Amino acid sequence: MEIYTNSDGGVIFKKYSLMGGLGDFVGQMCDTLNKTTGRMAIITDRDACLAVSGAGKRELTDRPLSQAMEQIMEGRSIYQYQEGDDPQPVIEGNNRYRVACAAPILAEGDVLGCVLFAGTEEELSTTDTEYKLVQTISGFLGRHMES
């Protein structure tokens, strides 16, 4: 738990996030993924979208994750949308952007967040390269958090 004060002297409590300390780093990583693939790239902690690069940046950044995203992370395996699946929303209360491919970030057995590509329902199919990218980046971030 982090404790802050606002300009009026009020106290603000905020849940601590290990991933939150990597703001600029994960932002640059999302930008690189977006420029490389042309896809909307997102890196989350367990609660919200920390970094977003692409069309939905303003709508998704710092917004709470959907129940579906929480289940993907708890499953501890890579999710990839398949034709005929029910598209999973990225955040609560907004069904515009759905998960195309997602890999949980694991460090010392704990789920810290997720790396994913997202898009509208028409943009959910992914390539093997995109699958490998989210897998590789999530593994890299997990190892980075362990050291």
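Does Cys 114 count as buried or exposed, and at what relative accessibility? At 0% relative accessibility, Cys 114 counts as buried, where buried means under 20% relative accessible area, exposed over 50% and partly exposed in between, with a 1.4 Å probe and protein chains only. The model behind this value is predicted: local features need pLDDT of at least 70, side-chain atom pairs count only at pLDDT 80 or more, and totals for chains, interfaces and linings use all residues. Residues are numbered from 1 along each chain as its sequence is written, and side-chain values use heavy atoms, with hydrogens and water left out.

Four helices and eight strands make up its secondary structure; helices (H or I, at least four residues) and strands (E, at least two) are DSSP runs, numbered from the N terminus. Along the sequence, these elements follow the pattern β-β-α-β-β-α-α-β-β-β-β-α. Of the 147 residues in the chain, 43% are buried. Contact means heavy atoms within 4.5 Å, and among contacts with a separation of 6 or more, 53% join residues 24 or more positions apart.

Two of the strands form a hairpin, S3 and S4, with four residues between them. Strand S3 (residues 40-44) pairs with S4 in the antiparallel sense over four bridges, pairing being assigned if DSSP finds at least two bridges between two strands. Within this pair, Thr 44 stands opposite Cys 49 in S4. Strand S4 (residues 49-53) is mostly covered, as four of its five residues are buried.

The interior can be followed from here. A nonpolar core is a set of buried Ala, Val, Leu, Ile, Met, Phe, Trp, Tyr and Cys residues joined through side-chain atoms within 4.5 Å. The largest one holds 39 residues, of which Ile 42, Val 90 and Leu 116 touch the most other members. Elements that each supply at least two residues include helix H1 (23-37), S3, S4 and helix H4 (128-146), while the largest share, eight residues, comes from S7. Beyond its neighbours within four places in sequence, Ile 42 is in contact with residues including Cys 30, Cys 49, Val 90, Cys 114 and Leu 116.

With a disulfide taken as a pair of cysteine sulfur atoms within 2.5 Å, the count comes to zero. Cys 49 is in no disulfide, and its nearest cysteine sulfur, that of Cys 30, is 9.2 Å away. Cys 49 is buried, with a relative accessible area of 0%. Cys 114 is likewise in no disulfide, the nearest cysteine sulfur being that of Cys 101, 9.1 Å away.
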